Amino acid sequence: MAELNISERQAGDITILDMDGKVTIGEGSVALRNTIRRLLGEGKKKILLNLAGVGYIDSSGIGELVSSFTAVNKEGGQLKLLNLTQKIQDLLAITKLLTVFDVYESEGDALSGYN
Amino acid sequence: MIGEIKELNLPSLLESVDQAASEAENFARQNGFDDSALSAIDMAMREAVANAVKHGNKLDESKRVEIVFINLQKGLEITIRDFGKGFDVDEVPDPTNPENLLKANGRGILFMRAFMEEVEWSNHETGGTVVKMCKLR
């Protein structure tokens with residue numbers, strides 16, 4: 001089984017990625033990178049990462065979230081985060097990235113947050 | 001048991017990160033560390049071994065990563081050595097500086113310091129970096 005499974009669904013022009021597994025150095029980080037690249041290539045620039053199923057992330061995975069954020073911004077899009085576990089919230093606090101990402105606990109609120 | 005030692009010698013593969021973390025968890029659990037400590041040790045261990053494999057040994061499979069766990073009275077001491085060119089930890093940019101927040105790399109050392117009470121880096125006299133970290137009881 002893959003380290004990270006990513007399921008994709010649409011809510012209007014917003015693409016929601018339901019992520020399940022680990023975002024760590026190697027396979028998990030690469031899976032996220034490839035998915036974001038593909039979506040941007042398809043012109044999908046409003047992306048919501050649902051991290052409810054991500055039980056583990058390391059510094060490489062955090063770096064991949066940052067890379068995804070900057071890649072989407074560069075294309076004039078928006079990337080937001082949904083349903084962080086306490087552990088991931090703690091890591092984003094340690095890295096001061098909670099000041100960078102828009103983070104939501106409700107999908108409805110997150111979808112309303114897009115321009 | 002206080003004084004118990006376990007040594008590992010792993011290849012410079014990303015798979016070694018999982019193996020080292022698993023061995024660290026088993027060693028720590030057997031020596032009485034609680035779930036919170038196990039989670040912290042796992043996190044720091046993964047970062048340290050990933051650094052050794054990727055940045056130290058540069059994924060050169062001919063170079064090994066040497067790991068020693070020691071169960072001390074004060075806590076679990078873990079030493080990780082790579083065979084790379086070494087580095088000066090003081091020259092690693094602070095990833096929490098606003099100018100570095102959007103950089104993709106450079107947070108591993110921050111995590112190691114956040115999850116272990118003691119972490120120090122040194123250059124081995126015959127080459128490579130040695131990181132010694134301790135999770136206190």
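This is a predicted model: local features need pLDDT of at least 70, side-chain atom pairs count only at pLDDT 80 or more; totals for chains, interfaces and linings use all residues.
Begin with chain A and select its strands: five of them form an open sheet with mixed pairing, in the order E1-E2-E3-E4-E5. Strands E1 (4-11) and E5 (103-104) of chain A stand at the edges, each with a single partner strand, so one side of each is left without a neighbour in the sheet. At the E5(A) end, select E4(A), residues 78-82, which pairs with E5(A) in the parallel sense over two bridges, and pick out A:Leu82, whose bridge partner in E5(A) is A:Tyr104.

Now turn to chain B and select H1(B), residues 15-30, together with H2(B), residues 35-56; their axes come within 8 Å and cross at roughly 145°, and the crossing is right-handed. Among the residues that meet here are B:Ala20, B:Ala24 and B:Ala28 from H1(B) and B:Ile41, B:Met45 and B:Val49 from H2(B). By class, the residues of this contact comprise 12 nonpolar, one polar and four charged.

Finally, show both chains, where 16 residues of chain B are in contact with 15 residues of chain A. On the chain B side, H2 and H3 (108-115) each supply at least two residues, and the largest share, four residues, comes from H3(B). That side of chain B has 10 nonpolar, three polar and three charged residues.

Methods:
Residues are numbered from 1 along each chain as its sequence is written. Chains are lettered from A and ligands numbered from 1 in the order in which they are written. Axes are lines fitted to C-alpha atoms, for helices over the stretch in contact, and angles run from 0 to 180 degrees between N-to-C directions. A crossing is left-handed if the near helix is turned anticlockwise from the far one by less than a right angle, and right-handed if clockwise. Two residues are in contact if their C-beta atoms, placed from the backbone, lie within 7 Å. Ala, Val, Leu, Ile, Met, Phe, Trp, Tyr, Cys and Pro count as nonpolar, Asp, Glu, Lys and Arg as charged, and the others, Gly among them, as polar. Two strands pair if DSSP finds at least two bridges between them.
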